[in-house]
Amino acid sequence: MYKEQDFDVIVIGAGHAGCEAALASARLGMETCIFTINIDTIAQLSCNPAIGGLAKGHLVREIDALGGEMAKITDMSGIQFRMLNLSKGPAVWSLRAQADRVLYRNNMKYSLERQENLVIKQGMVEKIVVEDNRVKGVITSLGIFYGARAVIVTTGTFLKGLMHIGLESFQAGRAGEFPSMGLADSLRNLGLKMGRLKTGTPPRLDARSIDFSKTTPQYGDDPPPPFSYSTGKITNPQLPCYITYTNKKTHDIILENLDRSPLYSGKIKGIGPRYCPSIEDKVVRFSEKGRHQIFLEPEGFKTTEYYANGISTSLPYDVQVKLVRSIEGLEDAEIMRPAYAIEYDFVYPTQLRHTLEVKGIDGLFLAGQINGTSGYEEAAAQGIMAGINASLKLKGKDFIVLGRDEAYIGVLIDDLVTKGTIEPYRMFTSRAEYRLLLRHDNADFRLMDKGYSIGLVSENVYGRFKEKKRLLFSEIERLKKVRIKPSDEISDTLSSLGTTAISEDIALDKILKRPEIRYDFIKKFSPAPEALTPEIESLVEISVKYEGYIQRQMEMAERLKRLESKKIPANFNYKAIPGLSKEIVEKLSKIQPETIGQTSRIPGITPAAISIILVSVERHWKEKNS
């Protein structure tokens with residue numbers, strides 16, 4: 001065997017998880033190597049050419065606040081930005097951006113290429129070398145050994161990937177790329193329990209063959225709001241998307257051809273995403289619906305390809321042509337790339353610690369779809385945390401584990417390692433207990449101190465954040481102290497806004513708490529002594545209006561932290577605890593929760609069982625310390 005060189009950290013896979021992991025590791029001073037089967041498809045947006053969306057946009061902002069790259073690359077590559085859910089409360093506002101697929105890939109590739117301490121290699125890793133339960137390095141398909149003190153596996157859909165178009169299937173990691181076969185066997189040989197998942201993608205259509213006059217245009221926000229805290233302004237031209245719908249004819253075509261669908265013929269064994277089903281699934285499961293919405297999304301500035309979001313399918317090509325052409329505006333549409341489904345291996349994530357390190361294998365970390373998630377954002381979030389924690393481990397420093405009250409990233413990882421998953425996991429705002437604390441607009445307040453303290457956030461970015469924090473807190477304090485006096489003008493304005501007039505002096509924060517009052521009222525009658533950006537004005541308004549709710553959620557989070565602080569010894573013997581059912585003992589022995597708080601979130605663990613475990617754990621620590 002030929003040995004080329006040693007690294008501190010090796011990252012396998014250069015998708016969204018791999019890019020964030022490698023950049024974080026290299027920026028923290030680790031000699032890092034990232035392996036990819038094809039250098040030209042680094043950070044490929046292999047499905048939807050979009051970043052963010054409901055809850056996913058929160059993840060992107062959190063990655064940015066920690067010092068990651070996804071938000072910056074999206075701002076450089078974005079062709080439409082929209083803030084979603086503005087008609088609802090601020091807890092569920094979320095930014096989404098369409099991206100130019102080629103620009104995104106090239107911008108991320110360039111970011112990796114110019115990063116100090118980072119080497120990019122095109123090659124297929126076939127084996128992870130482990131000795132005495134400690135990672136030693138990897139071996140490629142060419143028989144080359146590369147030493148490493150930590151390995152991060154971010155293989156996406158490539159582990160034994162199997163593509164399906166109708167009843168035809170072939171091995172692939174995604175369209176046009178080889179799968180990774182040997183690495184899946186290597187992970188199994190290391191004792192990891194693995195399952196099979198499925199995802200899919202819709203056809204890509206030629207814009208020249210689409211009749212856009214029969215569709216409804218959907219425009220982005222003007223001006224477009226950036227994702228990254230370091231972006232001053234979006235400079236790319238912006239493009240619209242277009243909306244159309246399936247119809248009865250479309251649904252009849254699908255139902256008539258279900259016997260030719262690998263999903264319904266039993267050929268596909270992997271479990272698909274419940275929240276992003278194929279059009280076959282939607283037509284069968286929601287038979288009462290006469291139509292389903294389709295978004296026609298541009299793939300970039302210099303291409304005629306459009307992504308038909310909403311008709312993901314694995315039906316045969318001839319059926320795809322019929323169903324596409326049954327849709328209004330697509331009667332003459334040409335399919336440039338057919339839709340397909342793909343099955344792939346994943347690792348059951350309950351075998352991981354919250355650091356994303358594999359239990360029992362020192363230095364082996366997993367991130368992204370290999371852990372059962374779906375989506376670029378979930379992958380990138382895991383990637384940056386794996387890169388951070390692998391680096392901190394090698395430096396002999398404490399790991400960073402984000403709490404459920406600190407970040408959607410914390411919710412994501414805790415859900416995976418505590419509850420596990422048997423279907424592609426997708427982030428939703430409803431998964432977070434403290435979503436008023438975890439807003440899209442305050443990710444920097446929650447996480448930037450951490451990103452700066454470990455060395456991923458620059459002095460320049462952190463300096464701007466400190467000034468923003470100063471202005472925010474100063475204005476909130478001013479609103480509590482300054483009182484406004486009644487006047488005819490104020491009474492008329494309040495009346496026009498649909499709220500009662502004031503008859504005596506009132507603090508500005510009290511009047512801002514009224515549902516009808518916006519910060520614009522404060523600006524008009526008592527402007528801040530220093531100019532505030534619209535972003536800070538919005539933060540002030542939300543902080544004041546939701547102060548009581550925020551305080552209650554913070555108190556709930558503090559109660560949870562008391563449970564999180566009660567550590568459980570490693571390899572704790574649950575069989576020795578009287579009063580626990582066999583089912584509960586099996587679950588706890590398998591997952592090996594690290595705290596009482598984590599134990600309380602395991603499905604099926606009752607409050608009575610928590611009390612019993614808490615007594616036993618406290619007895620253990622008391623005996624050990626006596």
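Which residues line the largest cavity? The points below take up this question together with other features of the structure, which is a predicted model.

1. The largest cavity. The lining of the largest cavity is made up of L471, S474, E475, R478, A528, P529, E530 and L532. The volume of this cavity is about 50 Å³. In total, three cavities of 30 Å³ or more are counted.

2. A charged pair in the cavity lining. Two of the lining residues of the largest cavity, E475 and R478, are also partners in a salt bridge, in which the closest N and O atoms are 2.8 Å apart. The two residues stand three places apart in helix α13 (residues 459-481), so about one helical turn separates them. R478 has a relative accessible area of 14% and is therefore buried, the cut-off being under 20%. E475 is likewise classed as buried, because its relative accessible area is 3%.

3. Salt bridges with shared partners connect R404, D414, D415, K419, E433, E564 and R601 into one network. The structure contains 51 salt bridges.

4. A salt bridge between a helix and a loop. K393 and D362 form a salt bridge through their side chains, with an N to O distance of 2.5 Å. K393 belongs to helix α10 (residues 376-395), whereas D362 sits in the loop between β19 (340-347) and β20 (364-366); the pair therefore ties together parts that are 31 residues apart in sequence. K393 is partly exposed, at 25% relative accessibility.

5. The side chains of D64 and K72 form a salt bridge with an N to O distance of 3.4 Å. S228 is located in the loop between β14 (216-218) and β15 (241-245), and its relative accessible area of 2% makes it buried.

6. M76 in helix α3. M76 is part of helix α3 (residues 70-77) and is partly exposed, with a relative accessible area of 41%. Apart from neighbours within four places in sequence, M76 has contacts with L103, N107 and N236. Between M76 and N117 there are 41 residues of sequence separation and a C-alpha to C-alpha distance of 24 Å.

7. The second largest pocket. This pocket has a volume of about 1,400 Å³. Its lining consists of 46 residues, of which T533, P534, E535, I536 and S538 are the closest to the centre. At least two lining residues come from each of α12 (443-454), α13, α16 (519-525) and α17 (534-545). The largest share, nine residues, is supplied by α17.

8. In α14 (residues 488-496), the buried residues are I490, T493 and L494. Viewed along the axis of α14, the buried residues lie within an arc of 100°, so they line one face of the helix. The elements that cover them include β21 (483-484), α15 (508-512) and α16. On the face turned away from the buried side are the exposed residues D488, D492, S495 and S496. Just after α14, G498 adopts a positive phi of about 85°.

9. Helix α21 (residues 607-625) has 19 residues, and the distance from its first C-alpha to its last is 27 Å, close to the 27 Å expected at 1.5 Å a residue. Why are its buried residues said to lie on the same side of α21? The residues concerned are A609, I610, I613, S616 and V617. They are placed on the same side of α21 because they cover an arc of only 135° around the axis. The packing partners of these buried residues are α19 (582-591) and α20 (596-600). The exposed residues P607, K622, E623 and N625 are carried by the face turned away from the buried side.

Methods: Residues are numbered from 1 along each chain as its sequence is written. This is a predicted model: local features need pLDDT of at least 70, side-chain atom pairs count only at pLDDT 80 or more; totals for chains, interfaces and linings use all residues. Side-chain values use heavy atoms; hydrogens and water are left out. A salt bridge is a side-chain nitrogen of Lys or Arg within 4 Å of a carboxyl oxygen of Asp or Glu. Helices (H or I, at least four residues) and strands (E, at least two) are DSSP runs, numbered from the N terminus. Buried means under 20% relative accessible area, exposed over 50%, partly exposed in between (1.4 Å probe, protein chains only). The expected span of a helix is 1.5 Å times one less than its number of residues. The arc is that of the directions from the helix axis to the C-beta atoms. Contact means heavy atoms within 4.5 Å. On a 1 Å grid over the protein atoms alone, a cavity is a set of points where a 1.4 Å probe fits but cannot get out, and a pocket is an open set with protein on both sides within 12 Å along at least five of seven lines; lining residues have an atom within 4 Å of a point. Grid points are joined across faces, edges and corners, and a volume is the space filled by probe spheres set on the points.
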